[in-house]
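Open your viewer, keep the sequence panel beside it, and have the selection tool ready. We will walk through the protein one stop at a time.

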Amino acid sequence: MEKQPRLLCSQLSVGGRVCDVTLSSSFLSWREVVDSSKKRTAANVYGPLKAAGSHCVPVCEIIAIQETEEDCPSTNVGKWQKVPQNPAGSNQHAFTVSYVERTLKHRWRCSEVTLHCPDRKLCLQWVQAIREQLALLTIRPKRLLVYINPHGGKQRGKRIYEQKVAPIFSRASITTDVIVTERANHARDHLKTEADLKKYDGVVCVGGDGMFSEIMHGLISRTQCDSGVDQSCADETLIPCGLRIGIIPAGSTDCICYATVGCNDPVTSALHIVVGDSQPLDVCSVHQNNAFLRYSVSLLGYGFYGDVLMDSERKRWMGPARYDISGVKTFLSHRYYEGTISFLPADGSVGTPRDKIQCRSGCNICQLPSADKAVYKVEDSISDTENKDVWQVIRGKFLAINAACMSCACPRSPKGLSPSAHLADGTADLILVRKCSRLDFLRHLLRHTNKNDQFDHPFVEVYRVRQFRFTPRYQETDSELDLREAEGSSSKRFFTQICREHQACSCAPTHSSWNCDGEILPHGAIQVRVHCQLIKLFARGIEEQSVFEDPSYALCAI
């Protein structure tokens, strides 16, 4: 790492110990001063202590700085007091730096260090120098619009915000306008019509994935409306949103937060917002017959996951346990669905779903030049007649059809539905689970909870796609059905004709519904297109923790 030029360097007292404190444009560091004579006589003892007394904090991860007002000894008259051995420890000139500290499992916490100066002039010099460096971080939000869902999850959203998040925003001098939602889609409707978005640097939602979906739909719809873009047109190129979205997890499921931060901790998410992190995110638009239905950022599931959601909606009174019960019930029913799926494969430059390359902070695949992504947008707009040789078509009987724009990782499934899916590469991983035995399907589901390759089954197919369409058999056109029936016997064609005219016939499974990020889409036939980096979150992707366990990181600016 290239050594940074020093802006300020002094010997200050930290916790009663004298330290060399250095400020550069990138780092604030302090290292305990070790007596060289002691080091010569007991090198084996003092060597490790010197390394342990070294700290390095990136300037971009400093939350705030303020002068520390310490009580004068005279205010504690009548009490026993310890007389400081070091005269420097008795001075009243100090400042406190609040900064991000990483802990286990991708969690962040706000730590503080108080540095004592020998005189007030030097103290003010340090405070001014650090504040000037923080002022250069223009990506940090100054004013936020916050929506709180008081009913999501275990109804803890308001308490989580007031006790854990609001103090952090206040310390970082961020002003907020808070709205507690009163009904479903309150936040979405307010963003679409009433909110004065020019006043804000970002929008924050306190809740689960459902609350995030409201914010996302409202912000995307508002952006397209202000830009004159017709969302109903499936081939329309959407305009990326200018405001970032922050997620404070407080719901039953926090899949989006888990996949973009690495944990579902409110304090960690609040600190990502404060430091102004930015993580682009792909969004899928879902249409039927050129009519817009919904947006999706995590999971589109037909068959098993659609049936689980449909059944769980009738058991909402059970709380989060309803998903387990509905999952077992749906698994035992073992329903399969017949239909046709066609898709536009992604270029090989973005990898494959089985390449074991996980999307992490600073992902190279998600940072492909914008020119490469523009090529795909042009290709996607080509008519079907000109592009029919690129599209692939698969027909069959499926237990599940899933499309994942991200890994969909969560505490119960640490690797997710598609461990190698990327957040911002303009693709989705299309997972087809063909009809198989209950035992085989159980093996596939169990692999979501361990590190084994969940696609390593003969009945599972996975493709990286940019667009796809699905048509259930009962909605197929006459030409599609004739093509199927031409492959069968005359007796099969006869009974197929009966089933086409009488869809309630019990000789074929009924159609399923789509699970769209936890919301039910009753439409069977849909058209899906991935829009590359349509929104941005206050996140940076999941960090490789080994980077911050490297001892050299602590000495990077010294």
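The tour below starts with the whole chain and then moves from sheet to helices, loops and cores.

**Before you click**

This is a predicted model, in which local features need pLDDT of at least 70 and side-chain atom pairs count only at pLDDT 80 or more, while totals for chains, interfaces and linings use all residues. Residues are numbered from 1 along each chain as its sequence is written, and side-chain values use heavy atoms, with hydrogens and water left out.

**Stop 1: the whole chain**

Colour by pLDDT, the predictor's confidence in each residue, from 0 to 100. The mean for the protein is 84, and 79% of its residues reach 70 or more. Now select residues 39-52, where pLDDT stays under 50 and the model has nine contacts beyond four places in sequence. Residues 494-508 also stay under 50, again with nine contacts beyond four places in sequence. Contact here means heavy atoms within 4.5 Å.

Switch to cartoon view and you have 15 helices and 21 strands to explore. Helices (H or I, at least four residues) and strands (E, at least two) are DSSP runs, numbered from the N terminus. Of the 558 residues, 49% count as buried; buried means under 20% relative accessible area, exposed over 50%, and partly exposed in between (1.4 Å probe, protein chains only).

**Stop 2**

Which strands form the edges of the open sheet? First trace its order, β4-β3-β2-β1-β7-β6-β5, with antiparallel pairing. The edge strands are β4 (54-58) and β5 (62-68), each pairing on one side only. Two strands pair if DSSP finds at least two bridges between them.

Zoom in on β5 and its neighbour β6 (residues 94-102): they pair in the antiparallel sense over six bridges. Pick Ala64 and you will find its bridge partner, Ser98, in β6.

Next, show helix α3 (residues 120-135), which lies across β1 (6-14), β2 (17-24), β3 (27-32), β5 and β6. The helix runs at about 160° to β5; axes are lines fitted to C-alpha atoms, for helices over the stretch in contact, and angles run from 0 to 180 degrees between N-to-C directions.

**Stop 3: α8 and the aspartates on either side**

Select Asp265, in the loop between α7 (255-261) and α8 (266-274). Is Asp265 buried or exposed? Asp265 is buried, with a relative accessible area of 11%. Not counting residues up to four places away in sequence, Asp265 touches Arg107, Trp108 and Pro249.

Move along α8, where eight of the nine residues are buried, including Pro266, His272 and Val274. After the helix comes Gly276, whose phi is positive, near 80°.

Then click Asp277, in the loop between α8 and β12 (279-288). Asp277 is buried too, with a relative accessible area of 10%. The side chains of Asp277 and Arg540 are joined by a polar contact of 2.8 Å. Beyond four places in sequence, the residues that Asp277 touches include Trp108, Arg244 and Leu537.

**Stop 4: around β16**

Select β16 (residues 392-404) and its partner β14 (residues 299-303), which run antiparallel and are joined by five bridges. Gly301 has Asn402 as its bridge partner in β16. Finally, β17 (residues 428-434) pairs with β16 in the antiparallel sense over six bridges, with Ile401 opposite Leu432.

**Stop 5: the cores**

A nonpolar core is a set of buried Ala, Val, Leu, Ile, Met, Phe, Trp, Tyr and Cys residues joined through side-chain atoms within 4.5 Å. The largest one has 65 residues, and those with the most contacts inside it are Tyr147, Phe212, Ile535 and Leu537. Helix α6 (residues 209-227) gives the largest share of this core, six residues. Apart from it lies another core, of 26 residues, among them Val14, Leu23, Cys117 and Leu122.

Terms used
A polar contact is a pair of N or O atoms within 3.5 Å; within protein, one must be able to donate a hydrogen and the other to accept it, and residues adjacent in sequence count only if both atoms are side-chain atoms.
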